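Let's take a look at how charged side chains pair up in this protein. Have the chain open while you read.

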Amino acid sequence: MKKPLFAAIAILAVVTLFTGCASSKVERVSADTVTDLSGYWNDTDVRIVANTLINDCVNAPAIDRYIKENGKYPVVIVGTFRNDSDEHLDTSILTKKFEAALINSGKVDFVASATEREEIREERLEQQDWASEETVKRLANETGADFILIGSVKTMVDADAKKIARTYFVYAELIDIETNKKLWVGDNSDIKKIVDRKSFR
C-alpha cells in the first residue's frame with residue numbers, strides 16, 4: 001500500500017473515532033429521578049422497596065421485645081436474598097441497604113456475612129503467624145448472631161401482542177437462628193410496570 005493512501009486511511013479512521021465519541025451525550029440527573037428505560041428492575045425499584053420494607057423491618061416489634069427482655073441489642077446477620085425472578089438483578093444492593101438501615105437505627109448490632117467472614121477469618125489466621133502477641137486476635141471468639149435476615153425477589157409476567165405487564169414481589173424475613181421462629185415477615189408488591197412492545201421495535 002502506498003504511503004499517501006495509508007496516511008489517508010489512518011486519518012479517516014481517527015476522524016471517524018472522534019466523531020463517534022462526540023455524538024455521545026451525557027446528562028446528569030438527580031439520583032432519585034425515575035428512569036424506567038427498559039421496564040426491568042432498576043434503582044427506582046430498589047428505592048421503593050427500601051422506603052417500605054426496610055422501615056417496617058427496623059420498627060418490627062420483635063426487635064423492641066428482644067431489647068426489653070434481654071437488656072441488649074439483638075445481633076443480626078444478613079443471609080441470602082435470592083433472585084427468583086426471570087431476569088438478572090443484583091440483590092446485594094438490597095441487602096446492603098437493609099444492613100445500613102438496621103445498623104443506623106441503633107436497635108441492632110451486626111456481624112459480618114458469610115462471604116465477608118471468609119476474608120476476615122483468613123486475616124485472623126495470618127495474624128497467628130505474623131502479628132505480635134500484643135495485637136494478635138484470638139481464634140474462635142466471634143460474636144454469634146441472634147437473628148438472620150433473608151429474602152427473595154420474584155416476578156410475574158403477563159403479556160399479549162402489544163404490551164407486557166411486569167410485577168415484582170419482594171419478600172424479607174427476620175428469623176430467630178436458635179429457634180427458627182419467624183419474627184417478622186415483610187412483602188412488597190407495589191412495583192408493577194406496563195411495557196409497550198412497540199417502543200422496542
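Start with aspartate 86, which is partly exposed at 46% relative accessibility; buried means under 20% relative accessible area, exposed over 50%, and partly exposed in between, using a 1.4 Å probe and protein chains only. Its salt-bridge partner is arginine 166, which counts as buried at 6%. This is a predicted model, where local features need pLDDT of at least 70, side-chain atom pairs count only at pLDDT 80 or more, and totals for chains, interfaces and linings use all residues. Residues are numbered from 1 along each chain as its sequence is written, and side-chain values use heavy atoms, leaving out hydrogens and water.

A salt bridge here is a side-chain nitrogen of Lys or Arg within 4 Å of a carboxyl oxygen of Asp or Glu. By that rule, there are 13 salt bridges. Here are three of them:

| Pair | Closest N and O atoms |
|---|---|
| Arginine 166 and aspartate 86 | 2.7 Å |
| Lysine 107 and aspartate 64 | 3.6 Å |
| Glutamate 99 and lysine 96 | 3.6 Å |

How far apart in sequence are the parts tied together by lysine 107 and aspartate 64? They are 43 residues apart, since lysine 107 sits in the loop between H4 and strand S2 (109-110) and aspartate 64 in helix H3 (residues 61-70). Helices (H or I, at least four residues) and strands (E, at least two) are DSSP runs, numbered from the N terminus. Lysine 107 is buried at 19%, while aspartate 64 is partly exposed at 37%.

Glutamate 99 and lysine 96 are 3 residues apart in helix H4, so about one helical turn separates them.
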